[in-house]
Amino acid sequence: MSFSVGHEYSHGMIRQAPRLVNTTIHKFMKLRPHAVYLLLASGLVSLRAGPAMVSIGSSPTNTAFSTETTQSPASNDAATGATFKVIAGTPDSNSAPLAALHDGNIPRSDDDPASNFFFSGGGRILVDLGKPIDVATIASYSWHNGSRSAQFYQVYAADGSAKEFVPEPGAGVDPEKSGWKLIAKVDTTANKPGQHAASIAPNTGQSLGCFRYVLFDIQKNPKEARFNDTFFSEIDITDANGPTLERIQIPKIIKQVFASKDKQFHYTLDASEAPDLQEWSSKNLIPVLDEWYPKIIAMLPVDGVVPSHEITFTLKDTTRVPGMGGVPAYASGNSVVFNANFMRAQKSGEAIGAGIHEVVHVVQFGGRRERQAQAVGHLRPPTWVTEGVADYIRWFLYEPQSKGAEITLRNVHQAKYDDSYRVTANFFDWVIKNHEKDLMRKLNLATNTGYSENLWKEWTGKTLPELGADWKQANLARLGLRE
Ligand SMILES: [Zn+2]
């Protein structure tokens with residue numbers, strides 16, 4: 001069954017000039033064939049430049065933009081190595097850099113701002129192909145589950161030779177009066193949300209013309225009052241004399257479900273973006289997490305909260321996600337996302353420990369609450385507390401032999417109890433050994449029912465800053481130092 005729909009139309013706003021050229025030359029040919037030949041040979045007129053035809057396709061699901069009327073983006077088209085520049089308007093603060101438009105990659109989902117370029121209120125993008133080429137097609141791809149799927153823009157092109165040529169026609173400058181030629185107007189606002197593709201091709205011949213520069217004048221979706229800036233995923237410009245195009249494929253979904261021995265817990269491993277890690281994860285990662293997840297649940301019980309019996313582990317290719325390159329993993333509800341690069345590099349290092357840390361978060365935050373009261377109005381502990389709990393269980397219970405959370409001569413002077421992660425884990429270990437054995441359970445209970453700093457005094461007889469100072473003192477003494 002195919003969900004894709006498409007339609008084509010000849011562009012109504014295309015000026016008649018190319019057609020006139022054709023007609024003129026056609027007449028000319030009958031009369032003076034030699035003259036025409038000379039015109040062509042000298043490159044003064046491009047005979048093949050006919051009015052453009054815009055094909056539009058859309059699909060509610062991920063078909064890599066392949067529809068009845070459009071093909072998937074190419075990864076080796078002329079835009080791949082071109083220079084893209086914003087010459088009018090402001091990119092949205094959540095937008096990906098312009099590189100996302102010609103990196104040969106498409107977003108992973110229908111709401112993936114980090115993989116799309118989008119303006120805040122429209123704007124203009126200038127593409128410099130480096131040299132004039134015979135442009136065969138211009139295509140634009142956008143993807144969103146709502147109003148940001150629709151494309152609404154005009155595209156111009158130029159070879160830069162016109163006397164009146166303005167290389168960067170900014171806001172308010174009419175490109176057609178500045179040496180640019182209107183190629184087409186694209187409007188996909190009639191289509192349903194999902195993947196939208198528009199492909200601009202010549203009506204006749206193989207080329208839209210010989211151009212070095214392409215200008216996209218992108219407007220907001222006129223049918224929407226809000227969220228009306230298009231999530232552009234990719235822009236292709238193909239060279240009539242270029243290499244055979246390599247089209248992006250829909251990624252293969254690789255999912256595996258594992259059940260615990262007692263069938264109480266189920267784990268889904270999604271290795272679609274890192275197939276090479278599937279086997280290692282199923283043999284080395286999942287079994288350890290299956291062993292520890294029920295243990296952690298038992299360690300951190302909260303009356304009225306049932307931790308999820310299902311976890312999804314996704315190995316994500318984060319190389320393209322700005323700001324995600326250095327994040328090893330994160331958890332949200334009962335979903336854990338691993339940075340595939342990190343896991344690949346840390347197979348025999350920190351990978352599994354990072355998994356233990358994340359499943360602690362699933363216990364902390366991924367449970368189903370049976371009593372409403374617990375969810376309403378209570379104060380959550382600061383993140384240094386919840387990260388400290390996750391790292392305590394990892395470094396002091398799961399892998400104490402790795403001594404990953406030690407306070408040493410190297411870090412003792414800067415160490416503060418609320419530094420989060422392993423430093424806080426070390427502080428918790430000290431509190432557990434010296435004051436409160438039941439600290440992990442109590443902190444997790446407070447995570448669910450309400451946290452306040454007064455609890456520390458209640459549990460240990462000392463305030464949190466006092467405990468922090470004692471812990472620091474103990475470490476300095478152990479290392480033979482003074483404050
Ligand atoms: Zn964490």
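Is Y421 counted as buried, partly exposed or exposed, and how many C-beta neighbours lie inside 10 Å? Y421 counts as partly exposed because it has 18 C-beta neighbours inside 10 Å. The cut-offs behind that label are simple: with C-beta atoms placed from the backbone, 20 or more others within 10 Å make a residue buried, 12 or fewer make it exposed, and anything in between is partly exposed.

A word on the model before going further. It is a predicted one, in which local features need pLDDT of at least 70 and side-chain atom pairs count only at pLDDT 80 or more, while totals for chains, interfaces and linings use all residues. Residues are numbered from 1 along each chain as its sequence is written.

Now for the overall picture. The chain carries 11 helices and 16 strands, these being DSSP runs numbered from the N terminus (H or I of at least four residues for helices, E of at least two for strands). Of its 483 residues, 38% count as buried. Looking at contacts between residues at least 6 apart in sequence, 76% join residues at least 24 apart, a contact being two backbone-placed C-beta atoms within 7 Å.

Back to Y421, which sits in helix α8. Its phi is near 45°, a positive value in a residue other than glycine. S420 also has a positive phi, near 75°, and is likewise not a glycine. S420 belongs to the loop between α7 and α8 (421-434), and it is partly exposed because 18 other C-beta atoms lie within 10 Å.

Helix α3 (residues 278-299) has 22 residues and reaches 30 Å from its first C-alpha to its last, close to the 32 Å expected at 1.5 Å a residue. That expected span is 1.5 Å times one less than the number of residues. The helix bends by about 35° at L285, with a proline, P287, following within four residues; the bend is the angle between axes fitted to the seven residues ending there and the seven starting there. Buried in α3 are S281, L285, L289, W292, Y293 and I296. An α-helix has 3.6 residues a turn, so residues three or four places apart point the same way. The buried residues of α3 pack against β11 (266-270), β13 (310-316), α5 (351-365) and α7.

V385, T386, V389 and Y392 of α7 make the contact with M440, L443, N444 and T447 of α9.

Finally, M53 in strand β2 (residues 52-59) is partly exposed, because 19 other C-beta atoms lie within 10 Å. M53 and I200 are 147 residues apart in sequence but 5.6 Å apart in space, C-alpha to C-alpha. L208, in the loop between β7 (194-202) and β8 (209-218), is buried, with 32 other C-beta atoms within 10 Å. L208 and M53 lie 9.8 Å apart, C-alpha to C-alpha, with a sequence separation of 155 residues.
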